Amino acid sequence: METLYIDKHQALVQECRLGSRKAQFELYKLYAKAMYNTAQRILCHVAEAEDVLQEAFLEAFSRITDFRGDTTFGLWLKQIVINKSINYLRKRKMEFVSTDAIDVPEEEEEEDGELQPRVEEIKKAMELLPDGYRVVISLYLLEGYDHEEIAHILKISENTSRSQYMRAKIKLQRLMEKERSQ
């Protein structure tokens, strides 16, 4: 069974294909905040997230004829934002350490209510994570990608994605514990 995506902004996309600046501005207003937040979670740098946002919209509008409609415009734009954010990180010479030879323990299930930190506490701690950890944990937890997709996006092995995620999770918990004890 084939999945059918219904894009509620299809009319705006069609107007953009015809060159409507007004439609472009409407799409920008609809998606700018969410796309900025996605870039900011990955980059943790305001100016770079703003640059990514602008570049992503420029690319999307210049390549709007390439948008086939097999997903929603928002998902297509989000992929552009994520790819551009990762490219910015690569420019910073972010390196992922390959851990293919290391056994990664399976993720332990936590009981509900055991770890319920405040959102601001998590955001603050995530900003302190090294780029590699922050990107993997953001893509996995916040953007909803699985490890196979993350591996493909970041051009790393699936095992490296899993280990980066586990290490990020441990480091994040330690950072939050340290913050609470101060």
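Begin by selecting helix α5 (residues 119-128) and helix α8 (residues 158-181), whose axes come within 9 Å and cross at roughly 120°; helices here are DSSP runs of H or I with at least four residues, numbered from the N terminus, and axes are lines fitted to C-alpha atoms over the stretch in contact, with angles from 0 to 180 degrees between N-to-C directions. That angle makes α5 oblique to α8, given that angles under 35 degrees count as roughly parallel, over 145 as roughly antiparallel, 65 to 115 as roughly perpendicular and the rest as oblique. The model is a predicted one, in which local features need pLDDT of at least 70 and side-chain atom pairs count only at pLDDT 80 or more, while totals for chains, interfaces and linings use all residues. Residues are numbered from 1 along each chain as its sequence is written, and side-chain values use heavy atoms, with hydrogens and water left out.

Staying with this pair, show the side chains of E121, I122, K124, A125, M126 and L128 in α5, which meet L172, L175, M176, E179 and R180 in α8, contact being heavy atoms within 4.5 Å. The residues of this contact divide into 7 nonpolar, no polar and 4 charged, where Ala, Val, Leu, Ile, Met, Phe, Trp, Tyr, Cys and Pro count as nonpolar, Asp, Glu, Lys and Arg as charged, and the others, Gly among them, as polar.

Next, select L27, F73, L77, L139 and L154, which touch the most other members of the 49-residue largest nonpolar core, a set of buried Ala, Val, Leu, Ile, Met, Phe, Trp, Tyr and Cys residues joined through side-chain atoms within 4.5 Å. The helices that each supply at least two residues of this core include α1 (10-17), α6 (131-142) and α7 (147-154), while α4 gives the most, with 9 residues. Centre on L77 and, leaving aside neighbours within four places in sequence, its contacts are Y31, M35, A56, F57 and A60.

Move along to S85, which lies in helix α4 (residues 73-91) and counts as buried at 0% relative accessibility (buried is under 20% relative accessible area, exposed over 50%, partly exposed in between, with a 1.4 Å probe and protein chains only). Beyond its neighbours within four places in sequence, S85 is in contact with A39, I42, L43 and V52.

Finish in two loops. Between α2 and α3 select C44, a residue other than glycine with a positive phi near 55°, and partly exposed at 24% relative accessible area. Between α7 and α8 select K155, whose phi is also positive, at about 60°, and which is exposed at 67%.
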